[in-house]
Amino acid sequence: MNSSKLTRWFIYLLIIVAIVAILWSYNSTDVPADELAVSELAIQIKNGDIDEMEVSGDGREVTVHYKDSQVPAAKTQISSVSSLEEVLAAYGVGEEDYVIGNTVIIYQAASRWGGLLNILGIFLPALLIIGFLYFIMRQAQGSNNQAMSFGKSKARMFTGDHPTVSFDDVAGCDEAKEELEEVVEFLKEPDKFVSFGARIPKGVLLVGSPGTGKTLMAKAVSGEAGVPFFSIAGSEFVEMFVGVGASRVRDLFEQAKRHSPCIIFIDEIDAVGRQRGAGLGGSHDEREQTLNQILVEMDGFGTDIHIIILAATNRPDILDPALMRPGRFDRRVVIDRPDIRGREAIFKVHLRGKPLASSVDINILAKATPGFVGADIENTVNEAALLAARRNKQVIGMSELQEAIERVQLGPERRSRVISDEEKEITAYHEAGHALVSHFLPHAQSVRKITIIPRGMAGGVTWFMEDDVYFYSRTKFKALIATALGGRVAEEIIFGEITTGASNDLKQITKMARAMVTQYGMSDELGARVYGDKQEMVFLGREISEQRDYSDAIAEKIDQQVREFIDTEHERVKQILLNNRDMLELVAAKLLEVETLEADEFVALIEGKEEAPAETPGSNPAPEGSQSEPSKKTKEWKPPSSLDLPPSPSPA
């Protein structure tokens with residue numbers, strides 16, 4: 001038990017003793033009695049007025065109780081060297097007077113605690129004062145220690161004796177592991193590299209999107225190297241007091257030198273490593289002083305001091321150039337979003353040791369999770385385990401994993417949501433339009449699942465089997481725009497009216513079409529050029545404004561080209577759905593019946609009824625009268641009860 005706990009218990013003990021002494025004194029206090037002289041006591045004994053006399057344990061105090069209950073009790077004091085009988089005998093009262101007067105003398109036993117309480121009554125106030133002063137001094141000393149340690153590093157040191165994470169626990173980033181395995185090997189066998197004249201990398205910067213496993217990779221390096229590992233967040237350096245951050249940096253590196261060889265890991269280094277001079281007025285604030293100290297410490301290492309600095313960030317673009325130069329961060333390891341093989345490996349890591357059904361196919365799970373990072377996959381597996389436990393199953397099945405993927409993407413199903421029949425029918429035709437357009441377009445994504453059950457903020461969802469695409473062609477962009485327009489066009493054809501259900505689709509297709517024109521040079525009229533330059537102000541916010549580097553005439557052409565891209569795909573989608581209206585109604589009716597269609601069920605439903613899609617408006621004209629026929633078969637449309645009809649998620 002440390003001194004602070006002993007001090008605390010000592011104070012508590014003093015308080016308890018004081019309370020006990022006060023209560024004891026209160027309980028032992030008698031009813032106030034009149035003072036009585038010994039001579040008067042002798043007369044009253046002879047007259048037979050006294051019923052009994054109580055003599056206290058020390059023999060000095062006598063309490064007299066009278067036979068007449070109306071007369072209050074009285075007290076008298078006698079000499080400590082004489083007994084009560086001797087004193088009364090001096091006044092002519094003998095033993096026969098006690099017997100004749102029927103007066104009883106009661107001697108109370110001496111209390112073993114009486115003397116102690118008397119001593120405590122004298123010394124307790126002094127003890128309390130001394131204890132209070134001691135407590136105040138200890139507090140002042142503790143505050144002084146805190147003030148003295150204010151500039152100390154808050155880094156947590158982990159020894160390499162008991163590693164909890166190794167490279168086997170990291171998957172989906174093989175190239176990054178190879179880079180860091182070399183760092184671990186240098187820490188284990190430095191002579192192997194020194195013999196060739198090589199020097200240890202002073203810094204390794206881990207760059208990647210949130211959730212890709214940068215911190216996990218640093219933990220794996222610590223576990224594999226078996227050396228002391230100092231971990232600190234970038235925000236822990238900076239305080240409101242000037243000079244504290246720089247002092248903590250110095251203390252951190254001094255500790256690291258004492259435990260060399262070791263690793264220092266700075267998580268979210270962008271909190272302290274932002275580019276200098278970027279603040280309002282370019283002030284030299286506390287953050288810049290801290291960064292300057294980091295720069296000095298990193299570049300001041302000797303070749304004989306084996307210290308490696310790992311840092312993680314998802315904003316490498318805002319870091320100071322002096323921090324990124326060779327000699328400080330020699331290596332930049334990119335931990336990108338995993339591809340299908342990486343996701344499959346990550347699923348295997350997180351499913352390790354969990355009870356799985358034999359039907360679980362990890363390859364299908366990897367294909368169904370494009371864009372997922374390690375944190376998303378870990379969350380998916382955890383959600384699947386929770387679902388299996390909630391359903392009282394013994395193993396985790398494929399249905400739980402697939403539902404967990406959908407939960408992570410959009411949220412849980414909202415079956416309790418009250419939806420009118422009109423809105424439900426609109427949603428069914430909307431999702432059927434997405435699915436049919438995607439099915440008939442050769443460059444579109446294949447359908448994975450269709451549902452009209454609300455999930456998250458969406459009233460219905462059409463999922464697609466998305467591939468890991470790194471380069472998008474103009475044909476691919478047009479197919480994505482057409483698929484997104486399928487829901488809105490289906491509403492136009494069936495109901496002769498449009499709703500707010502396609503709001504998110506329109507936002508996505510507008511963004512794609514504008515990017516095709518202004519960023520990717522996919523417009524034949526405007527040519528291969530980038531229009532507009534977005535500036536990022538480090539402290540004022542991201543993309544405050546777009547710097548227009550083109551004229552108003554070009555801006556008008558950009559708007560016309562975006563409109564042309566969207567209108568062209570709108571006409572193509574309309575032609576496809578008009579030519580396959582019976583299938584549209586068939587799929588919508590099936591959705592209204594079963595609410596959810598898997599990919600194989602959707603294909604089986606329309607198998608044998610496919611027609612060749614029209615590639616361009618007018619290339620496969622509808623039969624005569626087909627344009628007027630939809631108006632005859634148009635369903636009676638009623639405005640939805642709520643204008644906030646949840647939009648379908650964008651297929652892009």
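Colleague: What makes β9 and β10 a strand pair?

Modeller: DSSP must find at least two bridges between two strands for them to pair. Here 6 bridges join β9 to β10, and the two run parallel; D267 stands opposite A312 in β10. A strand is a DSSP run of E with at least two residues, a helix a run of H or I with at least four, both numbered from the N terminus. The model is predicted, so local features need pLDDT of at least 70 and side-chain atom pairs count only at pLDDT 80 or more, while totals for chains, interfaces and linings use all residues. Residues are numbered from 1 along each chain as its sequence is written, and side-chain values use heavy atoms, leaving out hydrogens and water.

Colleague: How many bridges join β8 to β9?

Modeller: 5 bridges, and these strands also run parallel. S231 stands opposite F265 in β9.

Colleague: Why is the pair of F229 and F265 called stacked?

Modeller: Rings of Phe, Tyr and Trp (its six-membered ring) pair if their centres lie within 6.5 Å; planes under 30 degrees apart count as stacked, over 60 as edge-to-face and the rest as tilted. F229 and F265 are 6.1 Å centre to centre with 25 degrees between the planes, so the pair is stacked. F229 lies in β8 and F265 in β9, 36 residues apart.

Colleague: How do you know whether β9 is covered on one face or both?

Modeller: Buried means under 20% relative accessible area, exposed over 50%, partly exposed in between (1.4 Å probe, protein chains only). C262, I264 and I266 on one side and I263, F265 and D267 on the other are all buried, so both faces are covered.
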